[in-house]
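Reader: Hi! I'd like to go through this one with you before I set anything up. Can you walk me through it?

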Amino acid sequence: MPESHKAERARARKANKAAGIGDENGRIPARVKAEAIMSKCTVCAQSMKITKTNTELRQHAENKHGKTLGICFPDAEAAAKELASKPAKGGKGGGGGGGEKQAQGKSKAQKKKDAAAGLDDLLSAGLSGVGKKAKGGKK
């Protein structure tokens, strides 16, 4: 059984370790996430993660304290705008669909419509020839 390029991976880790890259064993993680931006509530001092929409922070402020987002988390709005302005890196979802739309110039709906039209053409061409083939039966 193959060992999934075990020797090759070991050589790469050894080279990384010699170059000072990666962890203490020379392993490089496949995907490195950026550190989460945290904010602390000024009323109850609970730490929460800042996101692009800040829905959890807004819910916390309104439901727990009956106050606005700006009062409980004064720095959250600016940090959320900064997050929204940064382009999203790879992440999950495979394929990076956003760049494909710009490259081809067609929206998803337009591509779907074109594919359906192509299938209709194939179907109509195929249906006109139905019944002309002789079936190979017993002789």
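Author: Happy to! One definition to start: helices (H or I, at least four residues) and strands (E, at least two) are DSSP runs, numbered from the N terminus. With that naming, threonine 42 is located in the loop between β1 (38-40) and β2. Please keep in mind that this is a predicted model.

Reader: Thanks. What does threonine 42 contact, leaving aside its neighbours within four places in sequence?

Author: Threonine 42 is in contact with Ile71, Cys72 and Pro74, once neighbours within four places are set aside. For proline 74, the C-alpha separation from threonine 42 is 8.3 Å, although the two are 32 residues apart along the chain.

Reader: Let's zoom out. How many helices and strands are there in the protein chain?

Author: The protein chain has six helices and two strands. Along the sequence they come in the pattern α-β-β-α-α-α-α-α.

Reader: And what share of the 139 residues in the protein chain do buried residues make up?

Author: Buried residues account for 12% of the 139. The chain exposes about 11800 Å², with carbon and sulfur atoms supplying 55% of that area. As for contacts between residues at least 6 apart in sequence, 34% of them join residues at least 24 apart.

Reader: Where is confidence lowest, and where is it highest?

Author: The lowest is helix α5 (residues 97-104), with a mean pLDDT of 49, and the highest is α2, at 90. Over residues 99-103 pLDDT stays under 50, and the model has three contacts beyond four places in sequence for that stretch. For the protein chain, the mean is 78, and 77% of residues reach 70 or more.

Reader: Let's look at α2, then. Which residues are buried there?

Author: In helix α2 (residues 55-65), the buried ones are Leu57, His60, Ala61 and His65. They lie on the same side of α2, because they cover an arc of only 90 degrees around the axis.

Reader: Why do residues three or four places apart point the same way in an α-helix?

Author: An α-helix has 3.6 residues a turn, so residues at that spacing point the same way.

Reader: Nice. What do the buried residues of α2 pack against?

Author: They pack against β2 (47-49), α3 (69-72) and α4 (76-85). Just after α2 comes glycine 66, which takes a positive phi of about 70 degrees.

Reader: Which residues are in the largest nonpolar core?

Author: That core has ten residues: Cys41, Met48, Ile50, Leu57, Ala61, Leu69, Cys72, Phe73, Ala76 and Ala79. The elements giving two or more residues to this core are α2, α3 and α4.

Reader: Switching to charges: how many salt bridges does the structure hold?

Author: Three. In one, glutamate 77 meets arginine 58, at 3.6 Å from N to O. This pair links distant parts of the chain, with glutamate 77 in helix α4 and arginine 58 in helix α2, 19 residues apart.

Reader: Are glutamate 77 and arginine 58 buried or partly exposed?

Author: Glutamate 77 is partly exposed, because its relative accessibility is 36%. Arginine 58 also counts as partly exposed, at 33%.

Reader: And the other bridges?

Author: Aspartate 23 pairs with arginine 27, where the closest N and O atoms are 3.1 Å apart. Aspartate 23 is partly exposed at 29%, and arginine 27 is partly exposed at 43%. Aspartate 114 pairs with lysine 106, with the closest N and O atoms 2.9 Å apart. Here aspartate 114 is partly exposed at 32%, and lysine 106 is partly exposed at 37%.

Reader: Last one: is asparagine 16 buried or exposed?

Author: Asparagine 16 counts as buried, because its relative accessibility is 18% and the cut-off for buried is under 20%. Asparagine 16 is part of helix α1 (residues 6-19). Not counting residues up to four places away in sequence, asparagine 16 touches Ile21, Gly26 and Ile28.

Reader: Great, thanks for the tour!

Technical notes:
Residues are numbered from 1 along each chain as its sequence is written. This is a predicted model: local features need pLDDT of at least 70, side-chain atom pairs count only at pLDDT 80 or more; totals for chains, interfaces and linings use all residues. Side-chain values use heavy atoms; hydrogens and water are left out. Buried means under 20% relative accessible area, exposed over 50%, partly exposed in between (1.4 Å probe, protein chains only). Contact means heavy atoms within 4.5 Å. The arc is that of the directions from the helix axis to the C-beta atoms. A nonpolar core is a set of buried Ala, Val, Leu, Ile, Met, Phe, Trp, Tyr and Cys residues joined through side-chain atoms within 4.5 Å. A salt bridge is a side-chain nitrogen of Lys or Arg within 4 Å of a carboxyl oxygen of Asp or Glu. pLDDT is the predictor's confidence in each residue, from 0 to 100. Accessible areas come from the Shrake-Rupley method with a 1.4 Å probe; for residues, only the protein chains shown count as cover.
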